[in-house]
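Let's take a walk through this one together. Have the viewer open and follow along.

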Amino acid sequence: MNLPRVTYSNTGEDFSGVHAHLDAIIPEVEARLLENIRPSFIGGEDRPEGQIVTARSPIDYSLILGDFPQADHGMIDDAVEAAQAAYPSWRAMGWPRRVGILRAAADVLEERKWDLSVACLIEVGKSRLEAVGEVEEAIDLLRHYCNEMERTDGFREDRPGASAAEKCSVVLRPYGVFAVIAPFNFPVALSVGMMSAALVAGNTVVLKPSDAAGLTGRLVVEALVEGGLPPGVLNLVQGGRETGELLARHAGIDGFAFTGSNAVGMTILRHAVTSQATRPVLAEMGGKNPAFVTANADLALAATGVARSAFGLSGQKCSAASRAYVHRSIFEGFQEALVETTGKLTVGDPRQANVFMGPVINDKALDRFGKATAAAAFDGSIVRGGERLEGGLFEGGAYVEPTIVTGLPSDHWINRDELFLPFVSLIPFDNLDEAIADANRSAFGLTAGVYTRDEQELDLFLSRIEAGVLYANRAAGATTGAWPGFQTFCGWKGSGTTGKGGLGSWYVPQFMREQSHTVFDAQ
């Protein structure tokens with residue numbers, strides 16, 4: 001089947017073949033995957049005990065995703081113990097054999113790409129191309145980390161000695177057992193990215209997916225295990241907040257990889273540094289990402305980029321552009337262009353080919369939307385959207401309008417707090433340097449973009465903005481740029497100062513610690 005690969009950048013390609021294939025398989029995959037029990041997986045065995053939680057699709061609450069037994073304290077202990085028991089042999093196996101197993105796991109992921117894509121679409125409510133692109137990204141990340149281990153000889157370097165009799169080298173070694181706590185919005189790419197980096201480095205893993213993404217979490221683990229991971233090397237615990245807290249507090253965990261909210265990430269960090277031994281925490285904790293539209297911008301291009309940045313996946317991305325600084329001289333023109341572009345986006349059932357934006361994930365997100373729109377209407381103006389959608393399909397899920405607001409001061413909480421909603425605030429500026437300085441006052445610093453045809457403005461943006469991933473004049477909109485070979489996923493400030501600075505070439509070493517070797521010739 002010769003279909004184009006779906007990425008977050010090749011938005012202009014002809015994906016009619018992809019859509020035709022999805023038209024054919026979605027009903028069958030949905031019928032086969034849903035309404036099954038999805039238990040934890042510990043030490044190579046299913047663990048179906050525990051309180052059952054029935055999960056429902058955000059697309060339609062009557063669509064049952066499956067039953068998920070929640071892992072309790074005893075099962076968390078068992079999962080950590082299984083990972084501890086498997087660690088010595090997995091570490092001693094050596095990186096070439098680990099790479100071979102994980103490359104085989106990547107092949108299994110590729111074989112199951114369409115099942116995973118449909119599961120991701122139904123469980124999270126993301127559009128077809130977002131779902132397929134995410135799974136493609138996960139496969140690429142896994143293969144990229146294997147290639148990095150091979151390229152660096154397992155992250156080993158020879159160093160000069162003090163004399164000819166002295167041989168010195170530096171090698172990176174794994175920590176032990178990593179807890180990987182993954183979010184709902186990229187349940188395949190982020191869980192695979194975090195897990196595969198930990199595993200290829202020689203660590204063993206206990207994965208806790210989001211309770212809103214237990215189906216994809218289970219399917220990912222099944223695929224990786226099918227690739228040949230020994231029992232106990234990868235363990236899955238299903239559950240919600242209580243399960244996550246038990247894992248975060250467990251003394252047997254040697255390191256944490258987390259993507260999610262700032263509040264949860266900081267809690268994990270505090271648990272890690274107050275234990276007897278300080279443990280690494282690799283955390284990406286959200287964003288409040290700006291885009292800048294200057295007087296020299298192509299307004300149509302900028303409107304397309306900002307709309308895609310703000311409203312893709314219903315704004316439920318850490319990379320989403322949630323505030324746009326617009327030069328005052330073109331403010332009205334850009335606002336009109338953005339309103340027009342947004343009005344062309346189809347909101348609905350993301351199983352359909354023409355839908356750009358599905359529902360928000362749950363009723364809690366819907367409540368946040370209501371609070372934000374009420375505040376925006378009171379303190380500023382809503383120029384488009386602001387309402388929950390009703391009638392027909394919309395009665396079965398939390399569907400809202402993509403929303404554009406103006407008139408809020410830059411220090412308003414809507415312009416400072418991460419909303420994780422299809423919600424963008426427009427802020428006028430007169431001086432680009434001052435606008436960038438204002439954006440930099442945010443506690444977050446994940447992504448930032450600019451739309452300009454002026455080289456000096458572009459240089460000013462690139463040199464002054466404090467964010468990990470930058471883009472300019474990008475019609476596809478904001479990105480974390482996690483695709484290997486294109487960019488790396490980075491974070492500044494609250495987004496990544498606790499360690500997760502990239503999903504690219506410098507990511508795997510963060511799951512390892514440095515060890516120096518000095519060997520004298522005994523002869």
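Start at asparagine 36, which sits opposite glycine 66 of β5. This is a predicted model, so keep that in mind as we go. Two bridges tie β1 to β5, and the two strands run parallel. They belong to an open, three-stranded sheet ordered β1-β5-β4, with mixed pairing. At its edges you'll find β1 (36-37) and β4 (52-56), each pairing on one side only.

β5 also leads us to the next stop, helix α4. The buried residues of α4 pack against β5 (64-69), along with α1 (16-33), α3 (95-111), α5 (128-151) and α7 (214-226). The helix covers residues 113-124 and spans 16 Å from first C-alpha to last, close to the 16 Å expected. Mostly covered, α4 has 11 of its 12 residues buried; among them are Trp114, Leu116 and Ile122, but also Lys113 and Glu123.

Now for the rings. Lysine 126 places its charged end over the ring of phenylalanine 186, 4.0 Å from the ring centre. Across the whole structure, a search turns up 10 aromatic pairs. Take phenylalanine 292 and tyrosine 325: their ring centres are 5.1 Å apart and their planes meet at 20°, so the pair counts as stacked. It links distant parts of the chain, with phenylalanine 292 in β13 (289-293) and tyrosine 325 in β14 (321-327), 33 residues apart. Phenylalanine 292 and tyrosine 325 are both buried. Finally, look for one aromatic cluster formed by Tyr145, Tyr175, Phe178, Tyr507 and Phe511.

Definitions and conventions: Residues numbered from 1 in each chain as written. Predicted model: local features only at pLDDT ≥ 70, side-chain atom pairs only at ≥ 80, totals over all residues. Heavy atoms only, no water. Helix = DSSP H or I, 4+ residues; strand = E, 2+ residues; numbered from the N terminus. Expected span 1.5 Å × (residues − 1). Buried < 20%, exposed > 50% of the residue type's maximum accessible area, 1.4 Å probe, protein only. Contact = heavy atoms within 4.5 Å. Pairing = 2+ DSSP bridges. Phe/Tyr/Trp six-rings, centres within 6.5 Å; stacked < 30°, edge-to-face > 60°. Lys NZ or Arg CZ within 6 Å of the ring centre and 35° of its normal.
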